[in-house]
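The structure is shown first.

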Amino acid sequence: QTVNTIRELTGAIFNHSIKEHNLQLINPCNGVKRLNVDNGRERYLSTDEIKLLKEHFKDNFLLTLFIDLSLQTGGRFETILLVQKKDINLTSGTITLYNTKTKTTYTGFLQDDLIELLREYLPKLKVNDYLISYENEHHIKLNQSPIKNRIQPILNKLFNSGLSADDSKNRVVIHTFRHSFASHLAINGVPIFTIQKLMNHKKIEQTLRYAKLSPENGRNAIQGLYK
């Protein structure tokens, strides 16, 4: 998908230059076919695996906060890094999230234990400070590398042993936190349209992949037929 996005952006740049600046050539991206994309990750973390992961990072406040925010909101990597103090409403237990793909904001919800942790943490921050930040540098938004470089090796050690590097369906990566969020919502019987809203999916087709995990996937209904 990243390659496809780069191809489309490059093509758009050439088209703009040809149209607006009279660039005398044929767009070299014409005829370049999109790659087939299979983003169907199957892997999500079980509750026991989540406990194991959180136990490993329990003494690291920054990474624990990142993991908790990711697992409780399903926000994408960059979405979590963009969360500022002003995005948290402790009274309602809500968090405003920014979807960098669609350039829209949406509302997430926080569990009580995280709300209590934030009651202690937020007074240390200014209104525009970032939650995921180094001590005394809360005004600076982190890029992904410092977080990824510390979490991914542990994910590999705990969950990816023996898997090939290109096994994207089964490898646990940071994006697996988002997949785990949606999967456990489905497992707990949350309606598919509610999951769509919480995931901020633009199309329901993006959410339907989780329907197979729902306890209301039809099995119980079939058992009661004709009796």
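## Packing of H3 and H6

In this predicted model, helix H3 (61–73) and helix H6 (residues 144–159) pack with their axes 11 Å apart, at an angle of about 85 degrees. Axes here are lines fitted to C-alpha atoms, for helices over the stretch in contact, and angles run from 0 to 180 degrees between N-to-C directions. Angles under 35 degrees count as roughly parallel, over 145 as roughly antiparallel, 65 to 115 as roughly perpendicular, and the rest as oblique. H3 and H6 are therefore roughly perpendicular to each other.

On the H3 side, Leu62, Leu63, Phe66 and Ile67 meet Ile147, Arg150 and Ile151 of H6, where contact means heavy atoms within 4.5 Å. The contact of H3 with H6 comprises 6 nonpolar residues, no polar residues and 1 charged residue. In this classification Ala, Val, Leu, Ile, Met, Phe, Trp, Tyr, Cys and Pro count as nonpolar, Asp, Glu, Lys and Arg as charged, and the others, Gly among them, as polar.

## Basis of the values

Residues are numbered from 1 along each chain as its sequence is written, and side-chain values use heavy atoms, with hydrogens and water left out. As the model is predicted, local features need pLDDT of at least 70 and side-chain atom pairs count only at pLDDT 80 or more, while totals for chains, interfaces and linings use all residues.

## Overall layout

The protein has 10 helices and 3 strands. Helices (H or I, at least four residues) and strands (E, at least two) are DSSP runs, numbered from the N terminus. From that terminus the elements run α-α-α-α-β-β-β-α-α-α-α-α-α. Along the principal axes, the C-alpha atoms fill a box of roughly 65 × 60 × 40 Å.

## The sheet

The 3 strands form an open sheet in the order E1-E2-E3, with antiparallel pairing; two strands pair if DSSP finds at least two bridges between them. E1 and E3 are the edge strands, each pairing on one side only.

Strand E1 (residues 88–89) is joined to strand E2 (residues 94–99) by 2 bridges. Asn89 has Thr94 of E2 as its bridge partner, and Ile88 stands opposite Ile95 in E2. This hairpin has 4 residues between the strands, and Gly93 takes a positive phi near 70 degrees. E2 and E3 are joined by 6 bridges, with Thr107 in E3 as the bridge partner of Thr96. Their hairpin also has 4 residues between the strands, and Lys103 in the turn has a positive phi of about 60 degrees.

## Pocket and cavity

On a 1 Å grid over the protein atoms alone, a cavity is a set of points where a 1.4 Å probe fits but cannot get out, and a pocket is an open set with protein on both sides within 12 Å along at least five of seven lines; lining residues have an atom within 4 Å of a point. Grid points are joined across faces, edges and corners, and a volume is the space filled by probe spheres set on the points.

The second largest pocket holds about 480 Å³. It is lined by 20 residues, of which Leu71, Gln72, Gln111, Phe181 and His184 are the closest to its centre. H2 (47–56), H3, E3 (104–109) and H7 (176–187) each supply at least two residues of this lining, which divides into 8 nonpolar, 9 polar and 3 charged residues.

There is 1 cavity of 30 Å³ or more. The largest cavity holds about 40 Å³, and its lining consists of Ser70, Gly75, Arg76, Phe77, Ile174, His175, Phe177 and Arg178. By class, that lining has 3 nonpolar, 3 polar and 2 charged residues.
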